Amino acid sequence: MPGKNNQKRARAQLKGRQPDDAALAEVRALIGLSQGGGYRRDLLIEYLHQLNDHFRALFERHLVALAADMRIPMAEVFEVASFYHHFEIIKDDVTPARLTVRVCESLSCQLAGAEALLEKLPALLGAEVRVVPAPCIGRCEQAPAALVGDSSIGHASVAGLAEAVNLKLENAKPLPLAAKPVAMATYRQAGGYALAAAIQRGERDAESVISALEHAGLRGLGGAGFPAGRKWRIVRGFSAPRFMAVNIDEGEPGTFKDRHYLERDPHRFLEGLLIAAQVVGCEAVYIYLRDEYPECHTVLRQAIADLQADPPFPLPHIELRRGAGAYICGEESAMIESIEGKRGEPRLRPPYIAETGLFGRPTLEHNFETLYWVRQILEQGPEWFASHGRHGRKGLRSYSVSGRVKNPGVKLAPAGITLRELVNEYCGGMAEGHELYAYLPGGASGGILPERLADVPLDFDTLQPHGCFIGSAAVIVLGHQDKARDAALSMMRFFADESCGQCTPCRVGTAKAAELMQAEQWDHTTLEDLGTVMIDASICGLGQAAPNPIRCVQKYFPNEVGALSEGQNGAQSGGSLGGRS
């Protein structure tokens, strides 16, 4: 009406369920903030971790209080909390378990007897302990593996896990880490951070550094394989401010190389990170480390604190962020969404994150191992790195080898080595009583190849003609007592569990494929239709790569699933989990 002020008044409180004073006090006391001051929207997942760790679950009353204090809708907090596997939302009148035990059920751990652990542990440990199956926890060389609270247990047995549970219930401290990381003082005494300091002083210009990486042929070692030097050049070309995001969410079943190096030499990685940040001009760095690596969080937090307490030169802003159990966050744009405190759902592209990434700014995204090699390549020269290799390939690769081999583990070997050479020369041969039958060259999404193709070079671009790819070099070896179809079903169940659910082809396709693959005789026509739709229409590499194991089994192991009908050939390659660089 004329003359009437129709301007909306600000709400005194958000709509919906209102927080009670006790819950508000508990949230504020734990997070250390007073009402209306200091909350950051991008730290929502960190706040949820604090609540989940302290109260052993996320009570609804605390989520309501957190939403009210952060001045965001309660639905927004719930949708983020419910997205991640490691957050358990419970009613206010429910008593949470005193401890959670996560038993890995990925392929390597399945081969080592994880199923028996999952069957026996609940009755043995009692109602106070929650036992849940978990996707790969990155200790495949120690299969079967489990997480007892915030402590990793390798070569797990029923008796060993029961003992670990009792120790944790008596003493909440993490169990000691087996590997002892290099301390900063020791690292610096051996010349550590000298190269980064020289670059900071201008003694080596950005162009010479980028050229060295290009000549070395260093590519993204998280799976995507994008040339590192070219990536630095692209991001450097966009206007400031620029950010950097480091991906240590190696959730691909069979992958554990980043964890292996981080537990031993965190400062070599941090120096590579600082060199990249200086050359590209990144004013802030966000490190995203998966929640399944609790010991690595301790190691990296301490290394960053030591570096900040005695910096060799002015440092960029560095934040360590904690994942919450979502494989999809290894995809670069999903990781960025998670760092921003959201559900880890991949973004539609373009724009690419090099131009519009973290908080809308140009972002350099890298995998841990790619940065780990930067210092050594620059010190010893690109020729040193490129001089390694076999069968016409160049460089070094860290192969995470697990399964039916005598000595599993991270094997630093020439790029282009074959599976047969890798097993015989680096793994001590096949495990006792097992003959080579098949292998997965690149984890869950990299496909499955038979023994007769064990002499194909393992490197970028060499496996695509066979319907596979190297990815992060997660090599899982199968013996003659195993079945490729069982491995493929395990991978598809993993994809179905880890699909973010954003797009229908992946969400529905992976679940339907896993259901069909349980039949003795596969319905090849329907599986082919599902695979085509997933590859063509999925938003990101998870759905695009999910059909690879199916098609490999159809092509190379038809006796296990029944013959294909005329016109079907299988084994067509989908994409890698894009952005695992």
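A disulfide here is a pair of cysteine sulfur atoms within 2.5 Å. C503 is buried at a relative accessible area of 12%; buried means under 20% relative accessible area, exposed over 50%, partly exposed in between (1.4 Å probe, protein chains only).

This is a predicted model: local features need pLDDT of at least 70, side-chain atom pairs count only at pLDDT 80 or more, and totals for chains, interfaces and linings use all residues. Residues are numbered from 1 along each chain as its sequence is written, and side-chain values use heavy atoms, without hydrogens and water.

Next I checked C427. Its closest cysteine sulfur, in C140, is 13 Å away, too far for a bond. C427 is buried, at 0% relative accessibility. My disulfide count: zero.

Then I took helix α22, residues 524–537. Helices are DSSP runs (H or I, at least four residues), numbered from the N terminus. Which residues of α22 are buried? I list H524, L527, E528, L530, G531 and M534. They cover an arc of only 165° around the axis, so they sit on the same side of α22. The arc is taken from the directions from the helix axis to the C-beta atoms. These buried residues pack against α21 (504–516), α23 (541–545) and α24 (548–556).

Last, I looked up F269. Leaving aside neighbours within four places in sequence, F269 is in contact (heavy atoms within 4.5 Å) with V246, I248, I287, L300, F368, L371 and Y372.

Methods. Helix = DSSP H or I, 4+ residues; strand = E, 2+ residues; numbered from the N terminus. Expected span 1.5 Å × (residues − 1).
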